[in-house]
Amino acid sequence: MNIKRSLRSKLVIGFIAITLPLFLLLLYNNYYAMNTVREQVADSNKNSIILYSSQIEAALNKEIKFLYNFAVEDPNIAALSQLLNDEDEYVLAKARILNSLTRYHRFDNSVDLQFIYSVQNHDLFNTLIKTQSYDELQSIQMAIQQVVKNARPDSPVFMQWKAIPYSKGKYALIRLVDAGDGFYLGAFVQLKNLMIPLDLVHLGEDGYAGFLNEAGELITSSASPDSPKLDTPPVEDTTDTYQAVKAEGRRYIVVQHPIQSTELSLGAFIPEARMLQNLYHFRRGILMISVLAVIVLIIYLIYLNDIILKPMNSLIRGMRSIKNGNLAYRLKPSKSKEFMIINETFNNMASEIQELKISVYEEQIKAHKAELKHLQLQINPHFLLNSINIVYNLAQIQNYGVIQLMCLNLVQYFRFATRTNQVAVTIAEEMEHLESYIRIQQVRFPEQVTYACHLPKELAQAAVPPLLIQPFVENAMKHGFDFMDHPFHIDIRIGHAGTGELTIVIADNGAGFDEETLQLLQTGAYMESRSGEHLGVTNVLYRLKHFFGSDAGLSFGNAPEGGAVVTLTIPLRRVEEFAS
């Protein structure tokens with residue numbers, strides 16, 4: 001049985017068709033709620049990030065504006081190039097410049113330090129650097145010197161603030177202004193100091209803000225040193241409100257905004273778990289509804305299985321049992337009224353089949369008995385003994401040629417007579433068997449038996465049941481042959497009786513049928529005798545009825561010149577048609 005077409009599979013498919021859309025709807029609802037929370041949190045923090053980015057931009061732009069104005073307006077800057085050969089005046093000019101920068105720095109500390117660099121003398125002097133260690137001071141000075149020494153008029157550092165590392169894990173922004181005559185003005189600000197206002201942004205217990213470079217790498221942040229590292233950096237150029245990234249297995253929502261006049265972006269990293277913790281009860285409710293719906297549907301499926309599938313499977317088992325021959329199998333009463341009617345009908349049908357099969361068995365037993373008697377008739381012990389006795393007598397007179405002919409005909413006769421597995425033979429084969437039988441009789445009764453067979457070539461391959469003609473020839477020898485003055489002659493003629501019909505006529509020149517016997521034969525009463533005397537003719541009638549039904553005919557009569565005539569009429573068939 002194809003499982004895809006079974007009722008059980010269809011119910012399961014229906015169950016899946018109901019539960020799957022419901023489950024997908026709940027999942028989508030859960031996803032939509034989570035995504036809505038993400039977008040709201042991202043929008044809220046996006047505004048804060050944009051605000052702080054604008055403040056940083058304003059402070060950096062103000063510093064650049066001051067440096068340009070200072071380079072143009074301060075007379076000491078212009079005098080430096082003229083005082084290169086006067087060391088004392090050069091030092092005094094540097095001091096005046098540093099005093100001016102320091103005074104400005106007291107009122108605006110948006111940067112950590114300001115400096116001046118002489119390209120010709122490689123002289124760098126700067127305002128006070130506030131550091132926690134001498135090593136850090138050295139690192140800052142070395143980083144500034146490396147930038148100014150490598151600076152060219154077309155360097156990016158003259159166009160925008162450049163992020164540079166000045167110590168391990170520490171970055172700063174630096175910007176240069178060309179003051180002319182081989183002097184650079186510059187400003188330096190540590191990124192960690194720009195992070196101080198961002199501490200006021202509430203990003204959750206594990207959230208943090210930070211600066212990202214053009215590659216999306218986090219170079220400075222407000223996170224603790226043991227905070228998880230990002231697995232993959234966020235993308236800078238994106239139109240999405242937020243991005244989702246992972247840091248050592250934890251998911252973060254990233255909101256970032258570029259800072260103008262720099263190569264950096266300001267980003268906020270909000271832990272997703274903290275952000276969605278208020279959705280716990282909502283998600284739990286959705287999960288409980290999903291589980292409850294699945295349980296209800298499973299209970300309903302079990303109920304359908306009890307009232308439909310179990311009775312159906314019981315009915316199928318009953319059908320298979322009947323098919324396998326167990327006609328005593330009966331179905332039990334069902335809870336459903338419909339299946340109760342079906343089960344009662346099935347049980348009644350099984351009882352009728354059982355009774356019918358018993359009747360068929362009885363008919364088959366009768367048929368087997370008739371076939372057994374038919375075989376017993378063919379292997380007639382008297383005929384066999386008489387034939388052996390003839391062979392013995394011929395051996396005594398050493399007539400070996402006749403012995404060989406007798407034995408050959410006996411072999412052919414019994415080989416054909418014992419071929420009970422064949423349903424049909426050709427008329428040519430049936431006539432060969434008859435010739436073997438008549439030749440044996442001719443040996444028994446020399447010069448007393450003659451025969452003639454008339455078989456058209458077009459009918460030689462027509463099919464008949466085996467041993468169909470021999471019983472009538474044998475009866476002719478038994479009842480018609482009586483050592484007459486002239487030889488006993490048997491004439492067999494095969495011909496057409498009409499469209500699709502075949503006639504077989506067996507005639508002899510013996511005594512023929514007497515009136516009483518002929519009347520009994522014509523009415524069929526003669527074959528109803530249970531003595532077994534006329535079993536050969538009865539067997540022929542039984543087989544004609546079995547193979548051809550009412551299409552076959554059998555008639556008896558006497559010829560005008562004397563002798564019996566038997567006429568068989570059967571449909572014209574070939575051996576293959578009997579097999580089908």
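Which residues form a nonpolar patch on the surface, and how much accessible area do they have together? Here are some friendly notes on that and a few other spots.

1. Ground rules. This is a predicted model, in which local features need pLDDT of at least 70 and side-chain atom pairs count only at pLDDT 80 or more, while totals for chains, interfaces and linings use all residues. Residues are numbered from 1 along each chain as its sequence is written, and side-chain values use heavy atoms, with hydrogens and water left out.

2. The nonpolar patch. Val12, Ile16, Leu20, Phe23, Leu24 and Leu27 make up this surface patch, with about 510 Å² of accessible area together. Patches take residues with over 30% relative accessible area and no salt bridge, joining like charges within 9 Å and nonpolar side chains (Val, Leu, Ile, Met, Phe, Trp, Tyr) within 5 Å. The areas come from the Shrake-Rupley method with a 1.4 Å probe, and for residues only the protein chains shown count as cover. Leu24 belongs to helix 1 (residues 7-73); helices (H or I, at least four residues) and strands (E, at least two) are DSSP runs, numbered from the N terminus. Leu24 is partly exposed, at 47% relative accessible area, where buried means under 20%, exposed over 50% and partly exposed in between (1.4 Å probe, protein chains only).

3. The negative patch. Asp86, Glu87, Asp88 and Glu89 gather in a surface patch of negative charge. Glu87 sits in helix 3 (residues 87-107) and is exposed, with a relative accessible area of 60%.

4. Salt bridges. Side chains of opposite charge can pair when their charged atoms come close. The rule here asks for a side-chain nitrogen of Lys or Arg within 4 Å of a carboxyl oxygen of Asp or Glu, and the count comes to five salt bridges. One of them joins Lys94 and Asp123 (3.1 Å, N to O). This pair links distant parts of the chain, with Lys94 in helix 3 and Asp123 in strand 2 (residues 123-126), 29 residues apart. Both Lys94 and Asp123 are buried.

5. Two further bridges. Glu263 and Lys162 meet at 3.2 Å, N to O, in a salt bridge. Glu263 lies in the loop between strand 9 (250-258) and strand 10 (265-271) and Lys162 in strand 3 (residues 162-167), so the pair ties together parts 101 residues apart in sequence. Glu263 is buried at 12% relative accessible area, whereas Lys162 is partly exposed at 29%. Asp491 and Arg493 also form a salt bridge (2.9 Å, N to O); Asp491 is buried at 14% and Arg493 partly exposed at 44%.

6. Helix 13. Which side is buried? In helix 13 (residues 515-523), the buried residues are Thr517, Leu518 and Leu521. They cover an arc of only 100° around the axis, which puts them on the same side of helix 13; the arc is that of the directions from the helix axis to the C-beta atoms. On the other side, Glu515, Glu516, Gln519 and Thr523 are exposed.

7. A contact across the sequence. Ala417, in helix 10 (residues 400-417), is buried at 3% relative accessibility. Ala417 and Leu467 are 50 residues apart in sequence and 7.3 Å apart in space, C-alpha to C-alpha.

Terms used. Lys, Arg positive; Asp, Glu negative; His and termini not counted. Charge placed at Lys NZ, Arg CZ, Asp CG, Glu CD.
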